[in-house]
Amino acid sequence: MERQVTMDSSSSNVGDTSDVASDLMKVIETVGSYSGFRVTQRKECLNLVRRMKLLVPLLEEIRELNVSGSGLDSLLNLKKALLGAKKLLKNCSYGSKIYLAMESEALTCRFHAIYDRLSLALDGIPYDQLGVSIEVKEQVELMRMQLKRAKRRTDTQDMELAMDLMVVFSKDDERNADIPILERLAHKLELHTIVELKAEKTAIGKLVKQRGGHSETMQQIVDLLVKFKQIAGIGETVSLDGPVSTRTLQTCPSPLIPHEFLCPISLEIMTDPVIVATGQTYERDSIRKWLNSNHRTCPKTGQALEHLSLAPNFALFNLIMQWCEKNNFELPKKDSYASSVNYSAEIMEEISSLVQNLSSSQPNVRKDAVVKIRMLSKENPENRIFIANNGGIPLLVKLLSYPDSNIQEHTVTALLNLSIDETNKRLIAREGSIPAIIEILQNGTDEGRENAAATLFSLSMLDENKFIVGNFNGIPPLVDLLQTGTMRGKKDAATALFNLSLNQANKSRAIKAGIIPSLLRLLDDKNLGMIDEALSILLLLVSHPEGRNEIGRLSFVETLVEIIRNGTPKNKECAVSVLLELGLNNSSITLAALQFGVYEPLREIAVSGTNRAQRKANSLLQHMSMCEHIP
């Protein structure tokens with residue numbers, strides 16, 4: 001239970017600096033106990049809590065020194081700022097997930113206002129009068145710099161989440177009840193298990209009372225909760241006219257967990273499976289405890305471990321998540337912040353030393369540092385944040401141009417791993433990395449080229465970077481990798497080109513670079529298994545006049561019809577969408593498709609295809625009816 005802190009901000013003349021410092025430490029202790037921050041604000045909340053904890057040494061010194069009459073007013077200003085932060089964090093920990101997602105932009109403004117208040121309060125503290133040590137003043141200065149950087153950073157909004165919310169709340173959009181959209185939204189908001197839905201019901205009930213009852217917004221939130229319950233198989237109604245229904249939630253019997261999903265050490269289902277040197281998989285926390293106890297063997301096989309690196313087992317994790325979703329099984333939650341707080345001081349010290357070695361005059365020391373940073377940046381989010389906070393990104397960007405292809409390969413891969421963090425994406429691009437990454441894409445090793453393409457994809461998740469990559473002529477070497485690369489290289493190039501082609505100017509660049517013949521070859525080569533990727537990019541390019549002119553050749557129309565007839569459901573959906581776009585702009589293509597026998601497969605898709613495929617198929621059939629007067 002949250003500890004109660006009795007602090008009346010109106011009692012500004014009561015107590016001394018020692019009392020106020022003690023009260024502020026209790027506030028920081030309280031926010032440190034919050035858990036379950038909502039996914040839409042989680043990163044901001046964890047960062048704010050971490051920054052607040054940086055104030056503890058300052059407050060401890062003030063409490064112990066207890067310099068009478070000095071700085072009381074400034075501490076009271078700090079108290080008001082921290083109480084405001086506590087209120088915001090509590091709301092993000094216990095509030096309605098749906099409401100907080102709807103108000104995401106407003107919440108960002110509230111965080112920035114808190115940063116302003118904290119900065120002003122820290123600026124007004126008379127550190128010398130209070131006898132604060134130089135070391136603590138430096139730590140406070142670090143926090144003030146972080147607050148200023150935090151205000152400048154605006155994490156890219158989750159566009160898929162924002163669009164899905166717009167769709168489900170729209171009365172006019174026919175997709176507002178689409179099961180795939182609702183399922184995706186439920187998973188993104190972490191509202192797909194009975195426990196999560198029950199907690200959300202309670203949070204909405206409190207929100208309704210706070211806002212004085214019924215409103216259109218509240219009704220939208222309740223309606224969406226009902227839809228989430230329906231797709232979770234919970235038949236329960238929610239009313240705004242009183243307390244949320246207390247009908248008993250029906251649970252499914254616990255399924256038998258496949259043994260390969262269990263950690264060999266803890267015998268519990270794995271939430272973070274990692275692979276050790278012998279190829280065996282364990283839960284990360286369990287194998288770390290084993291290794292921290294000075295064991296250097298594989299627990300399952302008894303073999304000596306050649307190295308102690310842990311590689312995430314993404315394939316197994318995805319299988320576990322699919323099984324959990326299918327069986328309505330909730331994975332045990334982990335306190336990500338607690339693990340961050342308990343983060344190994346030894347690892348932190350190692351990272352600081354490695355970052356310093358990036359600028360070593362000795363090539364071997366520099367290369368060893370890059371390789372180790374590449375490994376550490378792959379392991380977990382804490383490493384990625386700590387490497388960036390220690391100034392690793394600017395030094396790595398400089399090494400992209402180092403005249404050694406192996407160092408270039410390790411460096412671009414390290415930056416790829418670091419770019420998983422949204423803030424790092426901006427930092428990497430701001431350091432002028434993109435031209436050097438494009439150079440590696442053109443002239444690097446095979447693995448260097450592949451990872452350069454993947455890095456451009458990651459960085460281009462931010463819209464401003466899409467423009468930069470296109471402007472620095474990054475699209476032609478991606479098209480070349482799509483044509484000539486390894487299987488993995490082709491896939492990395494395809495994902496990067498898809499993302500970049502969301503920018504209108506880049507569509508023209510890709511077409512001029514010869515992307516369309518390359519995509520058509522991917523459609524013809526069934527062994528590559530890249531039909532989905534090729535069709536998805538073609539669907540973007542077909543909206544461009546130059547793209548339509550080049551795509552709309554008869555041989556391609558015949559290929560589309562074949563996919564509509566025999567492809568996977570996703571293949572058919574994309575192929576119908578491309579054919580519709582082509583046909584609406586050129587009736588001769590529609591007539592050619594009819595001659596190739598598209599009509600019957602289209603009628604079948606209009607009845608049994610995916611929701612989107614059905615809509616597109618019906619639109620195409622109507623268009624064909626006008627062209628050919630088909631009854």
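How many residues has α32, and how far does α32 reach from its first C-alpha to its last? Helix α32 has 17 residues and reaches 25 Å, close to the 24 Å expected at 1.5 Å a residue; the expected span is 1.5 Å times one less than the number of residues. The tour returns to this helix below.

**Before starting**

This is a predicted model, in which local features need pLDDT of at least 70, side-chain atom pairs count only at pLDDT 80 or more, and totals for chains, interfaces and linings use all residues. Residues are numbered from 1 along each chain as its sequence is written, and side-chain values use heavy atoms, with hydrogens and water left out.

**The whole chain**

Display the protein chain in cartoon form. There are 35 helices and three strands in it; helices (H or I, at least four residues) and strands (E, at least two) are DSSP runs, numbered from the N terminus. Of the 631 residues, 47% are buried, where buried means under 20% relative accessible area, exposed over 50%, and partly exposed in between (1.4 Å probe, protein chains only). Among contacts (heavy atoms within 4.5 Å) with a separation of 6 or more, residues 24 or more positions apart account for 70%.

Select T30, which is placed in helix α1 (residues 17-32). T30 is buried, at 3% relative accessibility.

Proceed to helix α2 (residues 42-53), whose 12 residues reach 17 Å from the first C-alpha to the last, close to the 16 Å expected at 1.5 Å a residue. Its buried residues are E44, C45, L46, N47, L48, V49, R51 and M52.

The C-alpha atoms of L147 and L48 are separated by 8.9 Å, although the two are 99 residues apart along the chain. L147 counts as buried, at 1% relative accessibility. Leaving aside neighbours within four places in sequence, L147 is in contact with R51, Y115, L118, S119 and L122.

Next, select F169 in helix α9 (residues 159-169). F169 has a relative accessible area of 18% and is therefore buried. Not counting residues up to four places away in sequence, F169 touches I98, M102, Q220, I221 and L224. Of these, I221 is 52 residues from F169 along the chain, with 8.7 Å between their C-alpha atoms.

**Loops with positive phi**

Most residues other than glycine have a negative phi. Select E190, in the loop between α10 (179-188) and α11 (194-210). E190 is not a glycine, yet has a positive phi of about 60 degrees.

A second case is N473, in the loop between α24 (463-471) and α25 (475-484). Its phi is positive, near 65 degrees. N473 is partly exposed, with a relative accessible area of 49%.

Select helix α21 (residues 422-430) as well, where T423, N424, K425, R426, I428 and A429 are buried. Just after α21, G432 takes a positive phi of about 75 degrees.

**Helices α17 and α18**

Select residues 363-379 (α17) and residues 381-389 (α18). Their axes come within 5 Å and cross at roughly 130 degrees. Axes are lines fitted to C-alpha atoms, for helices over the stretch in contact, and angles run from 0 to 180 degrees between N-to-C directions. The two helices are therefore oblique to each other: angles under 35 degrees count as roughly parallel, over 145 as roughly antiparallel, 65 to 115 as roughly perpendicular and the rest as oblique. To see the contact, show I373, L376, S377, K378 and E379 of α17 with N383, R384 and I387 of α18.

**The nonpolar cores**

Finally, turn to the largest nonpolar core, with 86 residues. A nonpolar core is a set of buried Ala, Val, Leu, Ile, Met, Phe, Trp, Tyr and Cys residues joined through side-chain atoms within 4.5 Å. Within this core, L482, I515, L519, L523, F556, L579 and V598 touch the most other members. Helix α32 (residues 569-585) gives the most to the core, with seven residues. Apart from it lies another core, of 45 residues, including L78, A85, L89 and I114.

Returning to α32, 12 of its 17 residues are buried, among them C574, A575, V576 and L579. End at L523, which, leaving aside neighbours within four places in sequence, is in contact with I531, A534, L535, L538, F556, T559 and I563.
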